[in-house]
Amino acid sequence: MLKRIWINAVILPMAEGGEVIPQGALGIQDDRITYVGPVPTPAELDTYDEVIDASGKAILPGLVNTHCHAAMSLLRGYADDLPLKKWLEEEMWPLEARFTRVQVEAGTALSVLEMIKSGTTCFLDMYDHMDTVGAVVTQAGMRARLCRGVIGIGSDELRENKFQEAVRFAAEWNGQADGRITTMLAPHAPYTCPPDYIRRFVEKAAEMGLPVHTHMSETAAEVEQNVNDYGVRPVEHLRRLGFFDLPSLVAHAVHLTDEEIDILAEYDVKVAHNPGSNLKLGSGIAPIPKMLKKGIRPGLATDGAASNNNLDLLEEIHLAALIHKGANEDPEAVPADTALRMGTIYGAEALFLNDQIGTLETGKKADFITLDLTGPHMQPLHDVRSHIVYSASRSDIQDVYIDGKAIMRNRECLTLDEEKIRYEAVQAFQAIAK
């Protein structure tokens, strides 16, 4: 059983009450964390098989991306500066209809590579051809919550086939890749899935013991449509369908009333906050400070690269810390420490994986990243959390470990062929281009 320890690093445990350790160490054995604290004595270090000097680096939990459509990286920059409805119906969906396994594999690999290089160790993906997504995740050594996103538009036969496919995938892939892959059931949204269809997903998820995920209240127009179609806003609509009776995660939650925030808090509904995507699509700014005051702990997400246009979770952390200050004219709206928690432990909670990841604590999975602190933009190091949130960039991420295995070392991805992935992504898009 291999024992390794990183010493002389600034350690950010991100655990409740866990203070920054200015000159600390992180010890692991195989895939688990066994030590977090000050640098041990020389005699204690002798008990490790490998001692790594991490001077000039911060070590923190791997970042968690709570909502993504990975294959959409092929559509990065394809149809920018459009409102959501027009963007989806006239640009994205017609082109995505041409996607085959080839496009999904190429787009997912491109996204996974980008996420690894920007410090993300776990992500949620909601898409189609999910067996292909699972294979890419397995090869990359990533951790992921995967769900077949189901748009319930079309014939009864088509809906039934999609439902059965989603259930089969969730059953077959839950616990795969040495446990790094877990699954959910995911009707796409209340505006794309009839009520009875959503209820079927809820009932099946309860039967299978799985969480559920959906898009909710992303735009004002979506909320208005829900009222016109069903007489209530999306939050009450999903509540009546039993969605919130299960462990549930909603993406976006931009347009909420105070009463709806109370409902989400009452049912302990998890929220995937997508600041970059919501800004770019002009959807609005989610009421995150109000959620935090009610005890909701939102995770952060990039959404797909077609609406972001990158998968850089450090950038989402940066945005989350800034936009709510400006929108609320309150410099304390989302402090740096809270924003960093949204990208780590709150994200792990949103994916119902906080018993395994999200903090550096003894017994948890050894999913962690190192970040270079020596750049001029990181000096002087008054407050490492502040610098990571407001000053750091993805190029500062140096090493990525998942399950104790090096996935990236010194910015070189060890599990994926970067040049091959970049080439195949371009070829895959050209094969379906209009």
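## Basis of the model

Helices (H or I, at least four residues) and strands (E, at least two) are DSSP runs, numbered from the N terminus. Axes are lines fitted to C-alpha atoms, for helices over the stretch in contact, and angles run from 0 to 180 degrees between N-to-C directions.

The structure is a predicted model, in which local features need pLDDT of at least 70 and side-chain atom pairs count only at pLDDT 80 or more, while totals for chains, interfaces and linings use all residues. Residues are numbered from 1 along each chain as its sequence is written, and side-chain values use heavy atoms, with hydrogens and water left out.

## Helix 4 against helix 5

Helix 4 (residues 130–140) and helix 5 (residues 156–173) have axes that come within 10 Å and cross at roughly 25 degrees. Helix 4 is therefore roughly parallel to helix 5; angles under 35 degrees count as roughly parallel, over 145 as roughly antiparallel, 65 to 115 as roughly perpendicular and the rest as oblique. The crossing of the two helices is right-handed. A crossing is left-handed if the near helix is turned anticlockwise from the far one by less than a right angle, and right-handed if clockwise.

Met130, Asp131, Gly134, Ala135 and Thr138 of helix 4 make the contact with Arg168, Phe169 and Trp173 of helix 5, where contact means heavy atoms within 4.5 Å. By class, the residues of this contact are four nonpolar, two polar and two charged. Ala, Val, Leu, Ile, Met, Phe, Trp, Tyr, Cys and Pro count as nonpolar, Asp, Glu, Lys and Arg as charged, and the others, Gly among them, as polar.

## Packing around helix 3

Helix 3 (residues 101–117) packs with helix 16 (residues 418–430) at an angle of about 140 degrees, their axes being 9 Å apart. This angle makes helix 3 oblique to helix 16, and the crossing is left-handed. Helix 3 contributes Val102, Gln103, Ala106, Ala109, Leu110, Leu113 and Lys117 to the contact, and helix 16 contributes Glu418, Ile421, Arg422, Glu424, Ala425 and Ala428. Eight of these contact residues are nonpolar, one is polar and four are charged.

Helix 3 also packs with helix 4, at an angle of about 35 degrees and with the axes 9 Å apart. The crossing of helix 3 and helix 4 is right-handed. On helix 3, Arg101, Val104, Glu105, Thr108, Ala109, Val112 and Ile116 meet Thr132, Val133, Val136 and Ala140 on helix 4. The residues of this contact comprise seven nonpolar, two polar and two charged.

## Salt bridges

The whole structure holds 35 salt bridges, a salt bridge being a side-chain nitrogen of Lys or Arg within 4 Å of a carboxyl oxygen of Asp or Glu. In one of them, the closest N and O atoms of Lys365 and Asp31 are 2.7 Å apart. Lys365 lies in the loop between helix 14 (345–350) and strand 15 (368–372) and Asp31 in the loop between strand 2 (21–29) and strand 3 (32–38), so the pair ties together parts that are 334 residues apart in sequence. Lys365 counts as buried at 9% relative accessibility, whereas Asp31, at 24%, counts as partly exposed. Buried means under 20% relative accessible area, exposed over 50%, and partly exposed in between (1.4 Å probe, protein chains only).

Arg143 and Asp403 also form a salt bridge, at 2.8 Å from N to O. Arg143 belongs to strand 8 (residues 143–150) and Asp403 to the loop between strand 16 (397–402) and strand 17 (405–409), so this pair ties together parts 260 residues apart in sequence. Both Arg143 and Asp403 are buried. A further salt bridge joins Arg297 to Glu349, with the closest N and O atoms 2.7 Å apart. Arg297 lies in the loop between helix 11 (288–293) and strand 14 (299–300) and Glu349 in helix 14, so the pair ties together parts that are 52 residues apart in sequence. Arg297 is partly exposed, at 28% relative accessible area, and Glu349 is buried, at 13% relative accessibility. Salt bridges that share partners join Asp31, Arg143, Lys365, Asp367 and Asp403 into one network.

Gly24 is placed in strand 2 and is buried, with a relative accessible area of 0%. Not counting residues up to four places away in sequence, Gly24 touches Trp6, Ile7, Asn8, Ala9, Ile11, Gly37, Pro38 and Val39.

Lys3 is placed in strand 1 (residues 3–11) and counts as partly exposed at 24% relative accessibility. Residues up to four places away in sequence aside, Lys3 touches Ile28, Gln29, Thr47, Tyr48, Asp49 and Glu50.
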